[in-house]
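Here is a short report on charged side chains that pair up. Look over the sequence and the structure first.

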Amino acid sequence: MKQIRKNLLFAVCFLVAAGSTAQEVTPDDQQEWAFAKYLTISKQYDPASNTTYYLTRIKHKDDEGNIIKLHTQFANREEGETARTFAIRNQTAVAINASQGLNLPSDLKQPTGIQIIDGEIVQDLRATSYTLGIKDNNELLAYAPGTKAQDILDDGTYTALTAFYPLIENYEWVSDEVLAIRGNSAVKHPRQVIAQFDNLDLLIFCCGGRGFDGEGMTAKEVMKILKDLGVKFAFNLDGGGSTSTVIKDQLITKKIDNKGTRERLRPNFLYVMEDN
């Protein structure tokens with residue numbers, strides 16, 4: 001965390017990893033990055049799973065009442081790019097990995113399922129997992145497997161991407177049947193989740209695993225933490241070695257691939273901009 005404090009120019013609320021008492025730390029240079037006041041970032045430790053996790057809360061609106069809009073976009077190369085490269089190239093405030101990639105017979109990194117960007121159907125493959133929808137007001141929702149891209153547009157949702165599955169809907173855990181759509185829900189993994197509170201603030205949850213920042217979490221271990229935080233909605237994005245959260249140009253999650261030395265190339269990303 002010292003490295004994050006050294007390199008990032010924003011106000012951060014750091015929590016003691018193994019304790020129950022929060023210690024708030026506000027760096028002196030917090031005003032050097034104006035967007036800082038819309039973010040709260042914490043690092044915490046979950047004893048039950050023996051895993052460290054990060055929470056990044058993003059306010060719904062800025063001081064002028066403008067929505068801090070959640071966007072999605074593809075990598076700029078067919079082989080994909082890292083979340084940090086994407087963030088630096090686009091000068092994002094916050095960027096995370098999104099869909100898993102299809103298993104292709106080459107090095108191409110095509111995202112799975114449905115991809116809708118700003119009302120345009122960019123990709124309309126059969127979605128065997130759930131699709132995350134983003135309404136114009138930033139409200140998040142999930143569409144069941146088999147939902148077609150045009151049906152999502154007809155529902156008034158103009159941004160969407162297929163990933164894994166919802167974890168929490170309307171404040172409650174999803175059923176075991178929802179989690180069973182992917183066999184990894186009961187296995188400990190690094191996980192990347194996008195969640196939302198009732199006031200439409202966004203929350204990015206990312207945890208370690210595979211020996212880097214801990215053992216990893218099952219879906220239900222993540223669900224317990226998020227339900228205790230009071231989120232209304234949560235959706236599991238791609239995890240494992242793909243788990244990447246970048247604040248400005250700094251990767252705050254641990255690299256996992258190649259014994260913790262390599263950031264994974266991803267096909268698409270979710271992000272917010274400083275100027276929306």
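## Salt bridges across the chain

Aspartate 238 and arginine 266 form a salt bridge, with their closest N and O atoms 2.8 Å apart. This pair links distant parts of the chain, 28 residues apart. Aspartate 238 sits in the loop between strand 14 (233–236) and strand 15 (245–247), and arginine 266 in the loop between helix 6 (257–260) and strand 17 (268–272). Aspartate 238 is buried, at 9% relative accessibility. Arginine 266 is buried too, at 5%.

The model is a predicted one. Its salt bridges number twelve. Two others are described here.

A salt bridge joins the side chains of lysine 37 and aspartate 63, at 2.6 Å from N to O. Lysine 37 belongs to the loop between helix 1 (2–7) and strand 1 (39–46), and aspartate 63 to the loop between strand 2 (51–58) and strand 3 (71–74), so the bridge ties together parts 26 residues apart in sequence. Lysine 37 is partly exposed, at 46% relative accessibility. Aspartate 63 is exposed, at 53%.

Arginine 57 meets aspartate 201 in a salt bridge, at 3.1 Å from N to O. Arginine 57 lies in strand 2, whereas aspartate 201 lies in the loop between strand 12 (191–196) and strand 13 (202–207), so this pair ties together parts 144 residues apart in sequence.

| Residue | Relative accessibility | Class |
|---|---|---|
| Arginine 57 | 30% | partly exposed |
| Aspartate 201 | 10% | buried |

How values were computed. Residues numbered from 1 in each chain as written. Predicted model: local features only at pLDDT ≥ 70, side-chain atom pairs only at ≥ 80, totals over all residues. Heavy atoms only, no water. Salt bridge = Lys/Arg side-chain N within 4 Å of Asp/Glu carboxyl O. Helix = DSSP H or I, 4+ residues; strand = E, 2+ residues; numbered from the N terminus. Buried < 20%, exposed > 50% of the residue type's maximum accessible area, 1.4 Å probe, protein only.
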